[in-house]
Amino acid sequence: MVFRSEFVVLMPCSTAPQVRFNVYPCHVVSVGVAEDEQRDVVKEKPRILSGGDSKFVSPRTVALYGVLTALTAAITYMTVIPFPPTRGYFNLGEAMVFFSAFTFGWRAGAICGGVGSAAADLLAGFGMFAPTTLVAKGAEGLVAGTIGRMKGGKPWAYALGIICGGACMITTYFLSEWLLLDFGLGAAIAEIPTNIAQVTIGGAVGTLLSHYVKQSMPSLGR
Amino acid sequence: MTGFLDLYSEKDTFLHRLDPRVKLLAVALISVLAFILTELLYLVVLLCFILLLLVLARSSYGKAFFALKFVVRFMILITLLWPLFDRSGAPVLFSIGPLDITEPAVWRGATSAVRVGCFATLWYILMFTTSQRDLVRALVKLGLRFDYGLALAISFRFIPTFGLTIESIKDAQRARALELDKGSILRRSRNYVSILVPTIVYALRTADTLALTLQSRAYGAFSNRTYLREIRMRASDYVAMTVVVLILLLPALAKYIYGVQI
Amino acid sequence: MIPRPDADSEDRVIFLRDAKFTYESGVEALKGVTLVIDKGEYLAVVGGNGSGKTTLAKHLNGLLRPTGGQVLVMGVQASTRTVAELARVVGYVFQNPDHQLFCRTVHDEVSFGPANIGLDGPEVKRRADRAIAVMNLSDIRDRPPLSLTLGLRRRVSIASVIAMEPQVLVLDEPTTGLDAREADELMAIIRRLNDEGTTIVLITHEMKLVAEHANRVVVMMDGKVVLDSDTRGAFSDLGLLRRSKLLPPPVTQLAHRLSQIGVSKDILTPQELVFELTRGDDQ
Ligand SMILES: Nc1ncnc2c1ncn2[C@@H]1O[C@H](COP(=O)(O)OP(=O)(O)OP(=O)(O)O)[C@@H](O)[C@H]1O
Ligand SMILES: [Mg+2]
């Protein structure tokens with residue numbers, strides 16, 4: 001019971017006795033906590049709410065997508081391992097695309113991969129690449145998420161997902177750089193090896209991450 | 001790389017005041033223009049015009065230098081790479097071993113480089129003069145659903161936060177004798193797992209709290225929501241839009257209707 | 001502030017000589033800190049928010065390099081050693097345990113550090129087992145560390161650092177967010193480590209812990225050490241503490257208030273106050 005204008009303090013029972021000396025006239029509610037209480041983490045699989053009076057996706061989904069997108073961008077930006085050719089950076093952003101796709105499905109993979117990587121391009125000043133990146137990484141996440149989670153995520157499905165997703169990404173970049181941005185065949189080809197390395201390593205790390213995180217947070221589920 | 005260089009800076013120029021939708025349109029249309037121009041001279045004129053805009057954006061010297069460094073490096077790279085793969089055309093300027101460098105290829109390389117310079121600089125101007133908030137607002141106004149817009153806004157908000165988290169986690173693992181800058185790319189990437197896992201777990205917990213926050217602040221309670229700040233087109237925005245459309249339209253007409261070589 | 005004359009170089013594990021540090025953003029976080037830490041000390045570093053405690057601590061294991069002055073660890077210039085090398089000597093426990101934990105089990109987590117410093121299998125296992133025993137984690141050694149409560153997660157993170165058997169253990173606000181019992185348990189374990197010879201550098205905002213555990217207090221303000229004395233002496237100058245945005249523990253404050261009736265001002269624990277007061281009754 002809480003009364004109007006009351007100052008209520010919630011605290012663990014072992015700290016409560018000390019508070020009696022506090023100067024505030026307050027009402028202390030001690031709450032016991034089970035020793036091995038599991039932390040509440042994102043339990044629900046992200047999904048579009050159907051029905052109800054809201055036409056928006058659930059707040060969990062908004063928060064999850066927002067956070068995954070930010071993560072993808074931050075990791076793309078922060079884990080640069082210097083490497084010369086065109087775009088000038090080798091990074092682990094790919095790992096986040098595969099992680100999102102394998103852990104939360106194709107929709108998360110496509111949105112967070114595409115938007116997150118494009119945002120990283122914008123912020124790092126490679127804005128010219130942002131539209132291409134949006135499509136390339138979005139397709140990568142979408143394909144990897146669809147194929148990788150087939151048959152409940154068997155190792156071969158992951159591998160196939162990485163290969164197909166990576167192929168989409170590399171092809172998109174190549175075509176866009178060659179035909180749209182008009183870098184010339186030379187520069188467009190020069191980037192393919194970096195991208196292949198990025199997909200291989202990103203795919204491996206992304207799969208590992210998905211595995212590790214699911215294990216550390218059992219509540220994430222499938 | 002520590003921290004983020006925020007490209008945007010708060011200024012009061014007409015480029016800053018312009019409706020973000022018009023700016024997005026301008027980036028798109030001027031890019032199309034750069035795409036259809038094929039004569040080096042006209043592309044150089046266009047690049048000069050874009051550089052003039054860059055000056056008018058009054059970004060700090062540090063940021064402008066950062067941008068130009070990237071653009072110039074890129075242009076040089078393209079100029080150099082182009083003739084290596086395009087060996088058509090008559091007068092051979094010189095040969096490096098089996099490679100013939102021809103004059104038309106060099107010109108085409110330069111043309112392509114200037115074009116790419118136009119693309120790149122345009123985006124810099126957009127990012128120099130448009131806050132992330134305005135960018136999201138513009139996208140929502142252009143038809144992005146509010147909830148996805150919100151997710152986008154959330155993500156922009158959290159990018160620097162997660163950047164700092166990653167830095168801090170990196171330090172925490174280095175304190176446990178993890179060496180990140182040693183070994184092959186494969187080994188380094190493997191080492192990054194010990195940084196990425198805590199980062200992701202932290203982020204997912206953030207998402208959890210955030211979901212509750214959104215709910216407790218009545219997210220999605222009403223389908224027809226209102227906004228505190230609306231972006232609205234003003235007369236000057238319409239003028240700018242017309243100018244941008246004309247900038248594309250006139251050369252396009254000249255090229256495709258009247259067959260002028262540009 | 002001045003290196004104590006009795007600090008003989010054998011026992012000196014850490015020596016900062018006029019260390020300065022400026023962040024890239026231009027914040028001058030350390031403005032010339034001179035500090036000697038001897039073997040076996042239990043040192044508390046206190047100060048207001050942003051006074052430079054964490055910055056100072058990060059110099060001890062090379063995470064930050066001084067932009068001026070020197071940092072010597074075991075008599076060796078810290079700047080000539082990598083963080084990984086320094087980590088064997090100086091263990092640093094970050095404030096947020098979640099910044100360290102990523103393994104599948106507590107045991108794997110605790111083994112990570114020893115494995116990184118290139119020890120062989122049996123030695124890694126020995127050290128991990130010892131650290132787990134010291135931190136009372138044997139029951140949960142196979143649980144995933146991230147699903148534990150905050151108190152346990154913090155203990156795992158400390159275990160994962162002491163498994164490298166460092167001579168100096170730096171703890172950045174180890175009790176924030178813990179309830180009284182968990183904090184007491186943690187502090188008892190740290191006490192035991194200190195008794196066994198580990199030098200402890202405790203960064204904290206809780207003066208009660210400082211009063212009960214530390215044997216030396218360093219007060220920081222605006223990137224400078226403004227007071228360096230034994231714990232009793234540190235709490236006698238209320239004015240200085242207040243300027244450093246600090247408050248002594250309530251018992252000491254009470255003793256200061258009672259000083260008119262003859263209670264001495266350097267009371268650190270309730271027991272001492274009771275003793276002091278009952279002694280007063282006798283007279
Ligand atoms: N990574 C950083 N980049 C720039 N400035 C920083 C950074 N970290 C800390 N600072 C600044 O350096 C100063 C000292 O910070 P520090 O973290 O050492 O303080 P602190 O005593 O540990 O504070 P707290 O009690 O809040 O933990 C502050 O002004 C802070 O804003
Ligand atoms: Mg601190």
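Three salt bridges cross the interface of chain B and chain C in this predicted model. One of them joins the side chains of B:Arg205 and C:Asp98, with N to O at 3.4 Å. Chain B also meets chain A, and there the count is two salt bridges.

**Where chain B meets chain C**

- On the chain B side, 18 residues are in contact, and they face 25 residues of chain C.
- About 1,900 Å² is buried between chain B and chain C, and carbon and sulfur atoms account for 57% of that area.
- Three residues stand out here: B:Ala175, B:Arg176 and B:Ala177 provide 35% of the area that chain B buries against chain C, more than any other three residues.
- Eight residue pairs are in polar contact across the interface of chain B and chain C, counting pairs with both residues at pLDDT 80 or more.
- Two elements of chain B, helix H7 (146–174) and helix H8 (185–216), each give two or more residues to the side that touches chain C.
- Of the elements, H7(B) gives the most to that side, with seven residues.
- Sorted by class, the side of chain B that touches chain C holds eight nonpolar, five polar and five charged residues.

**Where chain A meets chain B**

- Here 71 residues of chain A are in contact with 68 residues of chain B.
- Chain A and chain B bury about 6,100 Å² between them, with 78% of it on carbon and sulfur atoms.
- A:Phe56, A:Met78 and A:Leu123 together supply 12% of the area that chain A buries against chain B, more than any other three residues.
- Five helices of chain A each supply at least two residues of the side that touches chain B: H2 (59–78), H3 (93–104), H4 (106–124), H6 (155–180) and H7 (185–216).
- H2(A) gives the most to that side, with 17 residues.
- By class, the side of chain A that touches chain B has 53 nonpolar, twelve polar and six charged residues.

**A sheet in chain C**

- Chain C has an open sheet of four strands, ordered E2-E1-E4-E5, with antiparallel pairing.
- Strand E2 (28–38) and strand E5 (76–77) of chain C are at the edges with a single partner strand each, so one side of each has no neighbour in the sheet.
- Strand E4 (68–73) of chain C pairs with E5(C) in the antiparallel sense over two bridges.
- Within that part of chain C, C:Leu72 has C:Gln77 of E5(C) as its bridge partner.

Technical notes:
Residues numbered from 1 in each chain as written. Chains lettered and ligands numbered in written order. Predicted model: local features only at pLDDT ≥ 70, side-chain atom pairs only at ≥ 80, totals over all residues. Heavy atoms only, no water. Contact = heavy atoms within 4.5 Å. Buried area = accessible area lost by both parts, 1.4 Å probe. Salt bridge = Lys/Arg side-chain N within 4 Å of Asp/Glu carboxyl O. Polar contact = N/O pair within 3.5 Å; in protein donor to acceptor, adjacent residues only side chain to side chain. Nonpolar A, V, L, I, M, F, W, Y, C, P; charged D, E, K, R; others polar. Pairing = 2+ DSSP bridges.
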